[in-house]
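Subject: Structure handover

Hello,

Please find the structure below, followed by notes on what was found in it.

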Amino acid sequence: MSKKPRHTTEAVSKACGVSLRELQYWDEQGVLCPIHVGHKRMYTDAEVKQVRRIARLTRAGVQVCRARKYLKWRFTAVMRISIPTIIKGVLVVPDYKAKYR
């Protein structure tokens, strides 16, 4: 997966089945943060995956602001769980399920 922005707004729109205006709105609302090159938005592979996730959630009736919060929570929870801590030779993985019930 490339970290370089190489997808244009038009390409992302066609690939993910969202309108150009939706992508612009999501950028304005801070849901996505594509790189601006002149007047064009450029997306990385990871951002294209995120667009697909957001589109899937909004089609299911989830508001964009809630989709953003969910994806932010999901990312931080996955990062915390995937990077366990070792204290004095013991693997420590906190119980995050209890925190988010």
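Tyr 70 lies in helix 4 (residues 64-82); helices (H or I, at least four residues) and strands (E, at least two) are DSSP runs, numbered from the N terminus. With a relative accessibility of 39%, Tyr 70 counts as partly exposed; buried means under 20% relative accessible area, exposed over 50%, and partly exposed in between (1.4 Å probe, protein chains only). From C-alpha to C-alpha, Tyr 70 is 9.7 Å from Ile 54, and the two are 16 residues apart in sequence.

Some background on the model. It is a predicted model, in which local features need pLDDT of at least 70 and side-chain atom pairs count only at pLDDT 80 or more, while totals for chains, interfaces and linings use all residues. Residues are numbered from 1 along each chain as its sequence is written, and side-chain values use heavy atoms, with hydrogens and water left out.

The protein as a whole has five helices and five strands, in the order β-α-α-β-β-α-α-β-β-α along the sequence. It has 101 residues, of which 26% count as buried. Of the contacts with a separation of 6 or more, 51% are between residues 24 or more positions apart; contact means heavy atoms within 4.5 Å.

Next, helix 3. Its 15 residues should span 21 Å at 1.5 Å a residue, and its end C-alpha atoms are 21 Å apart, which agrees; the expected span is 1.5 Å times one less than the number of residues. The buried residues of helix 3 are Asp 45, Glu 47, Val 48, Val 51, Ile 54 and Ala 55. Arg 53 is also in helix 3, but counts as partly exposed at 29% relative accessibility. Just after helix 3, Gly 61 has a positive phi of about 100 degrees.

How do helix 1 and helix 3 cross, and at roughly what angle? The axes of helix 1 (residues 9-16) and helix 3 (residues 45-59) come within 10 Å and cross at roughly 45 degrees. The two helices are therefore oblique to each other: angles under 35 degrees count as roughly parallel, over 145 as roughly antiparallel, 65 to 115 as roughly perpendicular and the rest as oblique. Helix 1 contributes Val 12, Ala 15 and Cys 16 to the contact, and helix 3 contributes Val 48, Val 51, Arg 52, Ala 55 and Arg 59.

Regards

Conventions. Axes fitted to C-alpha atoms, helices over the stretch in contact; angles between N-to-C directions.
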